[in-house]
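Dear colleague,

I am handing over the structure we spoke about, and it is placed directly below. My notes on what was found in it follow after that.

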Amino acid sequence: MSNGMDIDGESQITLTRTIDAHIDDVFAAWTDPALIEQWQADEAELDAFEGGEYKFTTFGDDEDPEDHVVSGEILQFVENEKLVMSWVHKDDEEDGEDLIFVLEIAFQAIGEDQTRLTLTERGLAHTDPESRIFSIEAWSAALEHLAEVME
């Protein structure tokens, strides 16, 4: 597995990974709630079509007791090619603001059993260097976990 990272502009991050799995399987890992629960969230609901909605919940633990919920809408759904989602992270603070991003995942078959995945996250929150670093680290870890599950 190789990985790369491009930072283009202050409002987005882009990560690229090559995963040793067939494109059908990699796309399903992003769109099948049972598979999403193996690498990204503890509970997943997802309507796998353009205009569908989703909700991913990651349960709290001793270190961070709050559950984390991300939800949104499927803005674009092209099987085995592209998935674009609004990505809304609810802030647990009473006066906190929701963090709103657009997440675009592009899938490209490389041979029979490899897939290049390019993830781009866009949002005004990335103008803050700390949030950019946090997102890069979080998505890098998630994609690493995905690769382990798929391979």
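Strand pairing and other findings

Strand 3 and strand 4 pair in the antiparallel sense, with four bridges between them. Before going further with this pairing, please keep in mind that the model is a predicted one. Within the pair, L46 stands opposite Y54 of strand 4, and the two strands form a hairpin that has six residues between them, where G51 in the turn takes a positive phi of about 95°.

The pairing continues from strand 4 (residues 53-58) to strand 5 (residues 68-78), which run antiparallel and are joined by six bridges. Y54, which was named above as the residue opposite L46, also stands opposite G72 in strand 5. Strand 5 in turn pairs with strand 6 (residues 82-89), again in the antiparallel sense and over six bridges, and here I74 has M85 in strand 6 as its bridge partner.

The hairpin of strand 5 and strand 6 has three residues between the strands, and N80 is found in that loop. N80 has a positive phi of about 60°, although this residue is not a glycine. Is N80 buried or exposed? N80 counts as buried because its relative accessible area is 17%, and the cut-off for that class is under 20%.

Another residue to look at is T14, which has its place in strand 2 (residues 12-19). With a relative accessible area of 6%, T14 is buried as well, and its side chain makes a polar contact with the side chain of T120 at 3.4 Å.

Turning to the helices, helix 3 (residues 129-150) has 22 residues and reaches 31 Å from its first C-alpha to its last, which is close to the 32 Å expected at 1.5 Å a residue. Which residues of helix 3 are buried? They are S131, R132, S135, I136, W139, S140, A142, L143, L146 and A147.

For the chain as a whole, there are three helices and eight strands, and read along the sequence they follow the pattern β-β-α-α-β-β-β-β-β-β-α. The chain has 151 residues, of which 37% are buried. Among the contacts in the chain with a separation of 6 or more, 46% are accounted for by residues 24 or more positions apart. The accessible surface of the chain comes to about 8400 Å², and carbon and sulfur atoms hold 45% of that surface.

A last point concerns confidence in the model. The average pLDDT of the chain is 87, and 86% of the residues score at least 70. Over residues 1-8, however, pLDDT stays under 50, and the model has 24 contacts beyond four places in sequence for this stretch, so I would ask you to read those contacts with the confidence scale in mind, as pLDDT is the predictor's confidence in each residue, from 0 to 100.

With kind regards

Note on methods. Residues numbered from 1 in each chain as written. Predicted model: local features only at pLDDT ≥ 70, side-chain atom pairs only at ≥ 80, totals over all residues. Heavy atoms only, no water. Expected span 1.5 Å × (residues − 1). Buried < 20%, exposed > 50% of the residue type's maximum accessible area, 1.4 Å probe, protein only. Pairing = 2+ DSSP bridges. Contact = heavy atoms within 4.5 Å. Polar contact = N/O pair within 3.5 Å; in protein donor to acceptor, adjacent residues only side chain to side chain. Areas by Shrake-Rupley, 256 points an atom, 1.4 Å probe, with all protein chains shown as cover.
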